[in-house]
Amino acid sequence: MEKTGLKLTEKKLSSLSKMYTSADFMGDKIFGAAKNFVNPETSFFRNAEVSELLRNLINQKNSRVWFAGCSTGQEVYSAYLMSKKNLNLKLVGTDLNIDAIHHAKKGKYFLYRSKEIEKIHLFKKDTFMNICPDENLNSTYVEFKKSLSKIILFDIHNLVTGPYNFEFDIVICRNVLLHMTENGKAKVLRSLAKSVKTGGFLILGDTDPKMTGTEWKRINKGNIVLWQKS
């Protein structure tokens with residue numbers, strides 16, 4: 001699976017081999033097959049420390065943010081809700097899974113976790129979001145308006161092939177590299193590093209490799225490690 005950099009168990013590979021040919025993992029075909037071997041798990045305000053760090057960075061006029069491996073997009077919408085909505089705000093979410101990106105673009109979610117419902121209700125007055133609780137209040141339906149496309153962009157992208165774009169103020173890629181081969185990790189780190197502008201920030205997962213090179217400054221923010229490019 002070096003084309004994608006993904007690390008799969010022999011059992012998983014055996015199962016996939018019955019469903020796909022090697023051609024399905026090459027070029028654009030990988031986007032259709034990806035849903036069978038990536039983890040789509042995410043949620044609104046998934047990590048309180050990361051959400052707070054992002055809020056602070058965005059509100060310091062770091063307006064262009066790339067969520068690499070955004071799955072179904074809840075963390076991108078969370079960053080929007082927590083920001084001060086400056087005029088230059090642009091949030092980009094990409095993922096290898098075409099179904100996840102389709103879900104993110106629709107912007108419609110059913111919430112069942114009580115903590116997640118409580119947090120989303122803090123932003124119920126946001127004009128770009130509608131909240132509809134069910135009769136028993138055991139779940140909540142959330143829908144983001146299409147006009148948010150001026151601020152939020154979702155697209156499919158394979159991190160191994162290179163950066164999605166350049167000159168981002170913030171790039172966040174968490175819980176993605178752990179699913180990859182060592183060669184895949186190295187390729188993705190190069191992609192992420194190239195996408196960050198000078199003075200910008202890179203946020204990785206707890207178990208991800210450290211950034212190397214004199215251009216990277218490590219900053220500890222609580223339990224989160226932030227890398228700034230000089």
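I began with helix 5 (residues 98-106), which lies across strand 2 and strand 6 and runs at about 160° to strand 6; contact here means heavy atoms within 4.5 Å, and angles, from 0 to 180 degrees, are taken between N-to-C directions of axes fitted to C-alpha atoms, for helices over the stretch in contact. Helices (H or I, at least four residues) and strands (E, at least two) are DSSP runs numbered from the N terminus. This is a predicted model, in which local features need pLDDT of at least 70 and side-chain atom pairs pLDDT 80 or more, while totals for chains, interfaces and linings use all residues. Residues are numbered from 1 along each chain as its sequence is written, and side-chain values use heavy atoms, with hydrogens and water left out.

I then looked up helix 4 (residues 74-82), which lies across strand 1 (64-68), strand 2 and strand 6, at about 165° to strand 6.

For the sheet I noted seven strands, open, in the order 6-2-1-7-8-10-9 with mixed pairing, where two strands pair if DSSP finds at least two bridges between them. Strand 6 (152-156) and strand 9 (216-221) are the edges, each pairing on one side only, and the twist averages 20° from one strand to the next. Strand 2 (residues 90-95) pairs with strand 6 in the parallel sense over five bridges, and Val92 stands opposite Leu153 of strand 6.
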